[in-house]
Amino acid sequence: MDEYTDRQWKSHRKNKQKRVIWQYLAFSILVMLVVLCVVWLVYHMITSGKDELEGTWDIDGVTVYQFDGEGSGVLLLPSAEYRFQYNLQGQRLTIDFADQDAGDAEYEYKRKGDTLVFITGQGSHTQKITLNKLKE
């Protein structure tokens with residue numbers, strides 16, 4: 001009888017050791033997944049400092065705005081280029097042209113996919129300018 005209980009005890013102990021090993025393994029995998037998620041989030045927070053206007057936007061096949069995603073851009077016209085700094089606050093875009101010949105501008109903007117709309121003025125004087133994102 002003692003031999004049977006001894007064998008049973010060894011089997012129980014072996015099963016318990018296996019269970020503990022599986023628990024450590026599962027916990028280790030969980031910790032690694034959490035660490036990977038944190039690293040991924042930090043990476044995206046660092047690299048996604050670009051804003052939603054980044055890219056090249058065409059108004060009419062002639063007039064093009066380029067935004068670098070970091071506050072600088074250029075308005076491209078057939079006969080001139082106007083560099084500018086821009087600022088986004090909520091849905092408001094402020095453009096400050098370096099060249100005083102180009103008038104600074106302030107727009108409300110809305111983006112939906114590859115379409116960007118600048119809205120200026122109020123009431124019956126509201127003007128909407130539609131821009132389409134160019135593939136780069």
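How accessible is R92, buried or partly exposed? At 36% relative accessibility, R92 counts as partly exposed (under 20% is buried, over 50% exposed, partly exposed in between, with a 1.4 Å probe and protein chains only).

This is a predicted model, in which local features need pLDDT of at least 70 and side-chain atom pairs count only at pLDDT 80 or more, while totals for chains, interfaces and linings use all residues. Residues are numbered from 1 along each chain as its sequence is written, and side-chain values use heavy atoms, with hydrogens and water left out.

**View 1. R92 meets E106 in a salt bridge.** Here the closest N and O atoms are 3.4 Å apart; the term asks for a side-chain nitrogen of Lys or Arg within 4 Å of a carboxyl oxygen of Asp or Glu. R92 belongs to strand β5 (residues 92-97) and E106 to strand β6 (residues 105-112), 14 residues apart; strands are DSSP runs (E, at least two residues), numbered from the N terminus. E106 is partly exposed too, at 44%.

**View 2. D114 and K135 form another salt bridge, at 2.7 Å from N to O.** D114 sits in the loop between β6 and β7 (115-120) and K135 in the segment after β8 (127-134), so the pair ties together parts 21 residues apart in sequence. K135 is exposed at 69%, whereas D114 is partly exposed at 35%.

**View 3. Eight strands make a closed barrel with antiparallel pairing.** The order runs β1-β2-β3-β4-β5-β6-β7-β8, and strands count as paired if DSSP finds at least two bridges between them. Have a look at β2 (residues 64-67) and β3 (residues 72-76), which pair over four bridges; Y65 stands opposite L75 in β3.
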